[in-house]
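This briefing goes through one protein model, topic by topic. Please look at the sequence and the 3D view before reading the points below.

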Amino acid sequence: MKIIFILIFCYICYILAYSEYNLIEMEKQSLSIEEKQRLLTKHLKTLVISGEALIAFGLISFLQTILSSLLNEEDQLANYLDETSELPVGVQFGILFFVLFVIGGIFASIFILTGISAYKEGHGKKRGFIYLIFTFLLFVLYSANLVYTILQPSSSDSVIRTFANILLFASIVYCTFDILNSAIKSRKLKKELGVTYER
Amino acid sequence: MNGDFHYYATYSAAYLAGYTHEESEHIAYCANLVDLCTRTFLRHINGPLSAATSQLQSELAGARTDIIGLQDITRIWASFHFLPKDLYSKVEHVSKHYRDKYHLICGPNGDLLVDTVELAKGKGLEAIGLAMHVLADTWAHANFAGTPSLVINNTDYNFFELREMEDGSTKRIPISFGHNPVTKDDLDKGAYTGSLYQSSERSIMNLGHGRAGHLPDYGFMKYEYVPAWANYKPIIKDNPSDYFHAFSQMVYALQYLRGTIDTFEKDTYDTERIAQYEEKIKQIIRTRKTNCSEEWKQFGESLSGQTIAPFTLETYEEEYLNATQEEKNNTVLGRFILAALAQKSMVTNRVFASNNYLMGFSVDFKRYGFRGLKDFRALLNQKEDRNL
């Protein structure tokens with residue numbers, strides 16, 4: 001099973017590297033203004049689509065956190081309960097759910113705000129570089145998550161769940177990479193073409 | 001194109017090509033009939049359903065989108081409204097399925113246009129009218145395909161009108177599409193009605209130029225957009241120029257069909273014959289209205305000096321309904337039906353011969369005898385009658 005996951009991970013890396021190689025080769029040639037315009041349209045479209053995907057991932061991760069806490073994870077949450085505490089068990093559960101809610105919300109907000117920024121940049125609005133920093137952090141985090149899940153799958157998770165997690169993490173890695181790549185390239189092309197940000 | 005061009009402009013082109021007033025009216029009627037000869041109409045006159053040249057929205061809503069249904073839809077729309085430009089164009093690094101759809105993209109001056117015009121020669125005014133409709137639509141509906149396909153016909157938010165201002169500059173105005181079919185297009189605000197985005201590749205919403213609304217049918221509209229097939233390259237659609245080319249090419253084609261010219265060639269326009277009317281024609285085309293019937297009617301009447309009867313679908317219904325089975329093919333609607341069957345058969349055969357099965361199978365009658373839909377037997381009988 002590990003071998004399959006490693007193969008999937010290698011395939012994803014190959015796709016990313018191949019598409020990046022093609023773009024680099026294209027850009028090495030001296031491109032006409034029309035070609036640059038076409039590439040710019042492509043990168044802006046990518047920002048819109050990947051931004052929408054990141055928003056969706058944010059909502060999914062929030063729902064996943066909340067639902068798994070409410071429906072399935074009670075046994076695991078029980079590990080965090082202090083039976084010697086004065087607080088009733090129900091209150092402790094409530095506090096735990098609230099903390100999970102807040103943490104899940106913060107995490108989802110990062111996804112959503114980053115996605116919205118990418119979406120708006122794809123539609124021609126000027127965006128700063130802060131959202132790109134968050135995108136890079138998400139890229140690093142989920143790349144590590146992906147590698148860890150492949151090499152050390154959780155013994156408590158079923159094979160299907162592990163596979164689903166790998167797909168999810170791989171998609172997020174691809175999205176964040178796409179956003180970084182397209183944002184940098186589109187800004188460079190806009191400078192070369194003298195395109196302004198207002199539509 | 002809309003009825004104003006298919007009826008009144010075709011009348012004007014026919015008159016300029018040398019046809020009489022009555023003949024021009026007849027040709028114009030048949031040209032406009034192509035947009036209205038649906039299965040509902042054919043059922044009403046007890047005509048063969050295979051001769052349908054268009055589909056109502058209600059018919060499309062109930063249409064099957066499996067392979068058989070898609071072939072049926074494609075046969076109608078690609079044969080009469082989105083005539084493919086180049087069935088053998090080169091496109092690399094794509095699947096055969098995509099290539100087949102790419103080959104159905106409509107455009108002017110294709111080989112199939114020559115086949116269409118030549119097919120109408122000697123077949124009567126009805127066939128001529130049908131051919132003129134097909135010719136005109138190759139200009140208006142260029143860059144769209146007559147098959148439901150998201151990857152070919154889809155558009156996105158990169159849609160701008162290139163409007164010429166009074167000071168001669170060109171302004172790039174964003175266009176937005178609503179999806180309420182009842183709402184009228186607002187030409188001033190740039191708010192138009194288009195079909196709803198459907199992520200399904202074969203959805204009816206992705207048929208033809210639905211995603212661009214009625215913009216291809218407005219003569220005054222010059223716009224820039226990014227079609228799904230163009231690999232992010234924006235395309236500028238200059239309708240004023242295209243409509244003028246369509247008109248001048250119609251005049252040329254009509255002269256060939258009348259017998260004044262020996263051959264019909266691509267990329268040829270009779271601008272000499274219409275030179276004295278060029279300014280007037282361009283002015284009508286550039287009129288910022290969704291329906292320029294009044295303007296085209298006045299122009300046509302100024303050419304002939306006679307009143308052009310308004311288009312009435314029921315004009316020849318009684319003649320067809322009252323005719324016996326043997327006489328039906330000699331009525332106006334009967335000849336139109338034969339022309340429609342011949343056009344559909346020809347286009348399907350050409351597409352099939354190019355190893356493209358999106359329009360289904362085409363049978364070589366000479367080799368295999370008659371096969372297929374019995375409606376098309378009428379073509380065989382017509383050919384045999386002429387041989388006799």
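The model is a predicted one.

**The cavity**

- The volume of the largest cavity is about 110 Å³.
- Its lining is made of 15 residues, and those nearest the centre are Asp4(B), Asp217(B), Gly219(B), Tyr243(B) and Cys292(B).
- By residue type, the lining of the largest cavity has eight nonpolar, four polar and three charged members.
- At least two residues of this lining come from helix 1 of chain B, and at least two from helix 11 (278-285) of chain B.
- Domain 1 (3-144 + 241-282 + 291-387) and domain 2 (151-238) of chain B each supply at least three residues of the lining of the largest cavity.

**The largest pocket**

- The space in the largest pocket comes to about 1400 Å³.
- Among the elements of chain B, helix 1 (3-17), helix 4 (57-61) and helix 8 (125-140) give two or more residues to the lining of this pocket.
- There are 43 lining residues, and Gln57(B), Leu60(B), Trp77(B), His209(B) and His214(B) lie nearest the centre of the pocket.
- The lining of the largest pocket is split into 14 nonpolar, 25 polar and four charged residues.

**Chain A**

- Chain A has six helices and zero strands.
- Read from the N terminus, the order of elements in chain A is α-α-α-α-α-α.
- Of the 199 residues in chain A, 35% are buried.
- Among contacts in chain A with a separation of 6 or more, 78% join residues 24 or more positions apart.

**The domains of chain B**

- Chain B is divided into two parts: domain 1, which covers 3-144 + 241-282 + 291-387, and domain 2, which covers 151-238.
- Taken over C-alpha atoms, the centres of domain 1 and domain 2 of chain B are 25 Å apart.
- Contacts between the two domains of chain B involve 19 residues of domain 1 and 20 residues of domain 2.

**Nonpolar cores**

- The largest nonpolar core has 109 residues, and the members that touch the most others are Phe5(B), Met132(B), Leu135(B), Phe247(B), Leu254(B), Phe264(B) and Trp296(B).
- This core lies between domain 1 and domain 2 of chain B, because both domains give residues to it.
- Setting aside neighbours within four places in sequence, the contacts of Phe247(B) include Phe5(B), Ala9(B), Leu16(B), Ile274(B), Trp296(B) and Phe299(B).
- Another core lies apart from the largest one; this other core has 26 residues, including Leu31(A), Tyr131(A), Leu138(A) and Phe169(A).

- Most residues other than glycine have a negative phi.
- Phi of Asn143(B), a residue other than glycine, is positive and near 80°.
- Asn355(B) is not a glycine either, and its phi is positive at about 65°.
- Asn143(B) sits in the loop between helix 8 and helix 9 (150-153) of chain B, and Asn355(B) sits in the loop between helix 14 (332-353) and helix 15 (365-368) of chain B.
- Is Asn143(B) buried or exposed? Asn143(B) has a relative accessible area of 16%, so this residue counts as buried, the cut-off being under 20%.
- Asn355(B) has a relative accessible area of 41%, which means that this residue is partly exposed.
- Beyond its neighbours within four places in sequence, Asn143(B) is in contact with Ile105(B), Cys106(B), Tyr225(B), Trp229(B), Ile235(B) and Lys237(B).

**Asp115(B)**

- Asp115(B) is part of helix 7 (residues 111-120) of chain B.
- Which residues does Asp115(B) contact, leaving aside neighbours within four places in sequence? Asp115(B) is in contact with Met346(B) and Arg350(B).
- From C-alpha to C-alpha, Asp115(B) and Asp66(B) are 30 Å apart in space, and they are 49 residues apart in sequence.

Methods:
Residues are numbered from 1 along each chain as its sequence is written. Chains are lettered from A and ligands numbered from 1 in the order in which they are written. This is a predicted model: local features need pLDDT of at least 70, side-chain atom pairs count only at pLDDT 80 or more; totals for chains, interfaces and linings use all residues. Side-chain values use heavy atoms; hydrogens and water are left out. On a 1 Å grid over the protein atoms alone, a cavity is a set of points where a 1.4 Å probe fits but cannot get out, and a pocket is an open set with protein on both sides within 12 Å along at least five of seven lines; lining residues have an atom within 4 Å of a point. Grid points are joined across faces, edges and corners, and a volume is the space filled by probe spheres set on the points. Helices (H or I, at least four residues) and strands (E, at least two) are DSSP runs, numbered from the N terminus. Ala, Val, Leu, Ile, Met, Phe, Trp, Tyr, Cys and Pro count as nonpolar, Asp, Glu, Lys and Arg as charged, and the others, Gly among them, as polar. A nonpolar core is a set of buried Ala, Val, Leu, Ile, Met, Phe, Trp, Tyr and Cys residues joined through side-chain atoms within 4.5 Å. Buried means under 20% relative accessible area, exposed over 50%, partly exposed in between (1.4 Å probe, protein chains only). Domain bounds come from an automatic or database domain assignment. Contact means heavy atoms within 4.5 Å.
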